[in-house]
Amino acid sequence: EHVPGISIATDFICGFPTETDEDFRDSLSLIEQFRFPSVFINQFFPRPGTPAAHMAQVPGQTIKSRTKAMSELFHSYLPYAGREGQIYDVLVTDVSFDKRHYVGHNDCYEQVLVPMVDGLLGRTVRVQIVATSKFSMTGTLVDDSLTGWRTALGLSLISVASLALLMYGKFRS
């Protein structure tokens, strides 16, 4: 509502020692309400030497059943449904697993499959969405023109990710 087109990915840890049944239901409600396109679901494991390792643990079977329920909820919806016809600028960065498309990402870092046309890899192209699936959208080229990069100060997730990688490299040296 306040940020049109925003795409949020999130992580959930099922079975953290303080997690109650109500906490878990609240987590499921968040997924149901926001229909996150990317949810990383993990089971809590007590790492030695951490405070959580010394807390009362949620039973293993409870953790497994919560993880299964959350995974089933996540797989029950299509986050990109209804996007057909929308137009995005997409940075093309890779070849798809099936080697039938290039893989690109829009400003929200949502995966968009594009036709394998010479000269697209490493470029930003304008596409119209023609199909959607659980984890991606498929687009066709709107025209033959390649679009330019967003400004470095733009709110593009691609720019933010690139800047983070550059800074990480500086601090690692």
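Predicted model: local features only at pLDDT ≥ 70, side-chain atom pairs only at ≥ 80, totals over all residues.
Biologist: How many helices and strands does the chain have?

Modeller: The chain has three helices and seven strands, in the order β-α-β-α-β-β-β-β-β-α. Helices (H or I, at least four residues) and strands (E, at least two) are DSSP runs, numbered from the N terminus.

Biologist: Why are H1 and H2 called roughly parallel?

Modeller: Helix H1 (residues 21-34) and helix H2 (residues 60-74) pack at an angle of about 15°, their axes 10 Å apart. Axes are lines fitted to C-alpha atoms, for helices over the stretch in contact, and angles run from 0 to 180 degrees between N-to-C directions. Angles under 35 degrees count as roughly parallel, over 145 as roughly antiparallel, 65 to 115 as roughly perpendicular and the rest as oblique. H1 and H2 are therefore roughly parallel.

Biologist: Which residues of H1 and H2 meet?

Modeller: Asp21, Phe24, Ser27, Leu28, Ile31 and Glu32 in H1 meet Arg66, Ala69, Met70 and Leu73 in H2; contact means heavy atoms within 4.5 Å. Six residues of this contact are nonpolar, one is polar and three are charged. Here Ala, Val, Leu, Ile, Met, Phe, Trp, Tyr, Cys and Pro count as nonpolar, Asp, Glu, Lys and Arg as charged, and the others, Gly among them, as polar.

Biologist: What makes Arg66 buried?

Modeller: Buried means under 20% relative accessible area, exposed over 50%, and partly exposed in between (1.4 Å probe, protein chains only). Arg66, in helix H2, has 6% relative accessibility and so counts as buried. Leaving aside neighbours within four places in sequence, Arg66 is in contact with Cys14, Glu19, Thr20, Asp21, Phe24 and Val58. Arg66 and Asp21 are 45 residues apart in sequence and 9.4 Å apart in space, C-alpha to C-alpha.

Biologist: What makes up the largest nonpolar core?

Modeller: A nonpolar core is a set of buried Ala, Val, Leu, Ile, Met, Phe, Trp, Tyr and Cys residues joined through side-chain atoms within 4.5 Å. The largest has 12 residues in all, including Tyr80, Val90, Val112, Val127 and Met137. Strand S3 (87-95), strand S5 (111-114) and strand S6 (124-132) are the elements that give two or more residues to this core. A second, separate core of 11 residues includes Phe12, Phe24, Ile31 and Tyr77.

Biologist: What is said of phi at Arg35 and Tyr109?

Modeller: Most residues other than glycine have a negative phi. Arg35 has a positive phi of about 45° although it is not a glycine, and phi of Tyr109 is near 60°, also a positive value. Arg35 is in the loop between H1 and strand S2 (38-43), and Tyr109 in the loop between strand S4 (102-105) and S5.

Biologist: Why are Arg35 and Tyr109 called partly exposed?

Modeller: Arg35 has a relative accessible area of 39%, so this residue is partly exposed. Tyr109, at 45% relative accessibility, therefore counts as partly exposed.

Definitions and conventions:
Residues numbered from 1 in each chain as written. Heavy atoms only, no water.
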